Amino acid sequence: MPTAILTGQPVPGSSIETDLRSLGFDVRVAADAAEAETVLAEVPGDERVALVDARFVGHVHALRLGLTDPRFPLAAIPGAVTARPAGRQALTRAMARENSAGGGTTLVDSLADRILTALDADGTDVHRPELGTLVAAVPTDPQARNEARQAVADVDDEAVRLKSAVKARDGFFTTYCISPYSRYIARWCARRGLTPNQVTTASLLTALIAAACAATGTRGGFVAAGVLLIASFVLDCTDGQLARYSLQYSTLGAWLDATFDRAKEYAYYAGLALGAARGGDDVWALALGAMVLQTCRHVVDFSFNEANHDATANTSPTAALSDKLDSVGWTVWVRRMIVLPIGERWAMIAVLTAVTTPRITFYALLVGCAFAATYTTAGRVLRSLTRKARRTDRAATALADLADSGPLAQGLAEALKKPARGLPGFTAPAVALLGGLAVVLTSALTGFGGPWPVVAALAYALTSGLAVARPLKGALDWLVPPFLRAAEYGTVLVLAAKADVNGALPAAFGLVAAVAYHHYDTVYRIRGNAGAPPAWLVRSIGGHEGRTLLVTVLAALLTASQFTVALTVLAVAVALVVLVESIRFWVAAHQGGAPAVHDEGEPA
């Protein structure tokens, strides 16, 4: 149980002890700094501890934001400071210094604020939550106390808490069609002790049932699928709102939320394809194409953000124009909608599923995602070309991890390291694009079973090695990972389509889904500051160039039916390896007390 050390003279009629206990704290009282230091030393090192001024007046939610958020080692609001186990050493040092300066011989007066000043003087990072209209104050006289109490009474604590549960930046559909009521579902869940992870799991199960309804191929099934998909999205919004409402953030929760979003959407694509097949329409190529396009869109987002999140001089005329457009109200919503975020995308899919056919649904999805990908990528290219930013070593490492190079590409990169130094800055994205185009187009323009795709895959491995032969710090080097993703996924799609036998495209869908999971998992590890997946995992599944080469060799050596079986076996093998390692890692990180993460992810 966390401990709150209440410092200073108690104030008659104060509710601070009751408020702290309502937040789960065991309250201890210390009359002066010396006694506070003694109590602090008695609190187990693996528990949260807080120092709170007994004169504190404020909203309970202000205390909740300042003292219970699991994401930060140290946090503070006026009159209160808290430390998780990772921040205890800094807090203990500040307390000892305060006592050695003489604070232990005098009546405690705003000890929490003095400790905060000491932490700031040490250069320690202390989180200070945005309180907005919430009150958090330490009045020094009766008049000030009365004024603070009146200010507390003037603001509805619960209304502020509900409002802050909604993501600050979201899509139009979510903002106006989901969040007005999903926040109340989040509060209902919180009051019944439900966790965000439980709501996330409920959202996944609802989406899987929706996919099963779509797989029936009946009009009633399609209508039910559309309704359930929207219900799944409501729960998907609710889990994040519940996490913000109750501050239940966790590393495991962030991973579940992110991976389940992808699992739900791609399982639904498969359900639509199965339903269409029952009606005599084969849309597996469209389903796989939609998954490839959507995954590559996400890789563009991830790579661009990782390349620029800590870059220096990170401004450009294009970014300034974007900010200017955002100052005009209606343009904000238009620009958020045209990129087809998850809310608008799922709403479109649900409605089209219910009233049209899977083929029309996929056509609309492909056109919408292609336009959104073109719009966002073009804007980011312009920003990259017009800004004078210097990428850091961390950004280069993240891009190299996102590239997912296997032993073949890494060996070639090592051999090409010296000659690569003298090449122009645009070399990395250029050769990644050309190598990818070569293998995809060769596979598409030659007959199934021929040797030329294998030759092109070997050339692709060479260009992939050259692309990562030097640190990815160039203006457009963030394009390397999405180009590599498009090449690998596109090759699998084209060869499966060229096989032209039943089961080839579903098998390819399974393989791309398994590999895409690995790539998403890499992103979430990097976002959680956990590093990339272990090298043995990347080597065991071959890297992007190894898998691409293997698929082309299988297509050249096997019959179309045998190729389908091989793709299925490969999909199962990759899925087992990456899933087992991913689940092991995230569960171990959660149990080991990894810092809590709340990744807002794709705008809903």
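Predicted model: local features only at pLDDT ≥ 70, side-chain atom pairs only at ≥ 80, totals over all residues.

Colleague: Take the second largest cavity. How much space lies in there?

Modeller: About 50 Å³.

Colleague: Which residues line the second largest cavity?

Modeller: Ser443, Thr446, Gly447, Phe448, Gly449, Gly450 and Pro453 are among them.

Colleague: OK, new topic. What's the strand order in the open sheet?

Modeller: E2-E1-E3-E6-E5, so named under DSSP numbering from the N terminus. That is 5 strands, with mixed pairing.

Colleague: Which strands stand at the edges?

Modeller: Strand E2 (26-30) and strand E5 (74-77). Each has a single partner strand, so one side of each has no neighbour in the sheet.

Colleague: How much are neighbouring strands turned against each other?

Modeller: By 20° on average, ignoring direction.

Colleague: How many bridges join E1 to E2?

Modeller: 5. E1 covers residues 3-7, and the two strands run parallel. As one example, Leu6 has Val29 in E2 as its bridge partner.

Colleague: What does helix H3 touch on the sheet?

Modeller: H3 (residues 60-67) packs on the sheet and touches strand E3 (49-53), E5 and strand E6 (80-83). The direction of H3 makes about 155° with that of E5.

Colleague: And which strands does helix H4 touch?

Modeller: H4 (residues 88-100) packs on the sheet too, touching E3, E5 and E6. The direction of H4 makes about 40° with that of E3.

Colleague: Now the helix pair, H11 and H16. At what angle do they pack, and how far apart are the axes?

Modeller: About 140°, with the axes 9 Å apart. H11 is residues 251-278 and H16 is residues 358-386.

Colleague: Which residues make the contact?

Modeller: From H11, Tyr269, Leu272, Ala273 and Ala276. From H16, Pro358, Thr361, Phe362 and Leu365.

Colleague: How do those divide into nonpolar, polar and charged?

Modeller: The contact of H11 with H16 has 7 nonpolar residues, 1 polar and no charged.

Key: Residues numbered from 1 in each chain as written. Heavy atoms only, no water. Pairing = 2+ DSSP bridges. Helix = DSSP H or I, 4+ residues; strand = E, 2+ residues; numbered from the N terminus. Axes fitted to C-alpha atoms, helices over the stretch in contact; angles between N-to-C directions. Contact = heavy atoms within 4.5 Å. 1 Å grid on protein atoms, 1.4 Å probe; cavity = no way out; pocket = protein on both sides within 12 Å on 5 of 7 lines; lining within 4 Å. Points joined across faces, edges and corners; volume = space filled by probe spheres on them. Nonpolar A, V, L, I, M, F, W, Y, C, P; charged D, E, K, R; others polar.
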